Amino acid sequence: MKSYHVYMMTNESRVVLYIGVRNNLERRVWEHQHSEIKGFTKRYRLHRLVFHETFYQIDDAIRREKELKA
């Protein structure tokens, strides 16, 4: 069964917070930690995973992501 993950990343000083959704959390965290993704997460060095939830329906994961961002 496929799973989807809502996750939060922050920087070392825990000043900036990033919320996202992915189906492969382990790979995505690795990409963040190795600055593989250009843009917001690379600029603010968001390397620390601080929270995640697992869902089995993409709609549920997206709904939760929007809820957290609000």
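I searched the whole structure for salt bridges and found six. The model is a predicted one.

**Helix α1**

I looked up Arg27 next. Arg27 forms a salt bridge with Glu31, with 3.7 Å between the closest N and O atoms. Both residues sit in helix α1 (residues 25–33), four residues apart, so about one helical turn separates them. I noted that Arg27, Arg28 and Glu31 are linked in a network of salt bridges. Arg27 has a relative accessibility of 45% and counts as partly exposed, because exposed would require over 50%.

**Helix α3**

I then went to helix α3 (residues 58–69), where Arg63 and Asp60 lie three residues apart, about one turn of the helix. Their side chains meet in a salt bridge at 2.8 Å, N to O. I have Arg63 down as exposed, with a relative accessible area of 51%, and Asp60 as partly exposed at 31%.

In helix α3 I also checked Lys69 and Glu65, which are four residues apart, about one turn of the helix. Lys69 forms a salt bridge with Glu65, and the closest N and O atoms are 3.1 Å apart. Glu65 counts as buried at 14% relative accessibility, because the limit for buried is under 20%.

**Strand β1**

Last, I looked up His5, which lies in strand β1 (residues 4–10). His5 is buried, at 12% relative accessible area. Its side chain makes a polar contact with the side chain of Ser3 at 3.4 Å. Which residues is His5 in contact with, leaving aside neighbours within four places in sequence? I listed Gly20, Val21, Arg22, Asn23, Leu25, Glu53 and Thr54.

Note on methods:
Residues are numbered from 1 along each chain as its sequence is written. This is a predicted model: local features need pLDDT of at least 70, side-chain atom pairs count only at pLDDT 80 or more; totals for chains, interfaces and linings use all residues. Side-chain values use heavy atoms; hydrogens and water are left out. Helices (H or I, at least four residues) and strands (E, at least two) are DSSP runs, numbered from the N terminus. Buried means under 20% relative accessible area, exposed over 50%, partly exposed in between (1.4 Å probe, protein chains only). A polar contact is a pair of N or O atoms within 3.5 Å; within protein, one must be able to donate a hydrogen and the other to accept it, and residues adjacent in sequence count only if both atoms are side-chain atoms. Contact means heavy atoms within 4.5 Å. A salt bridge is a side-chain nitrogen of Lys or Arg within 4 Å of a carboxyl oxygen of Asp or Glu.
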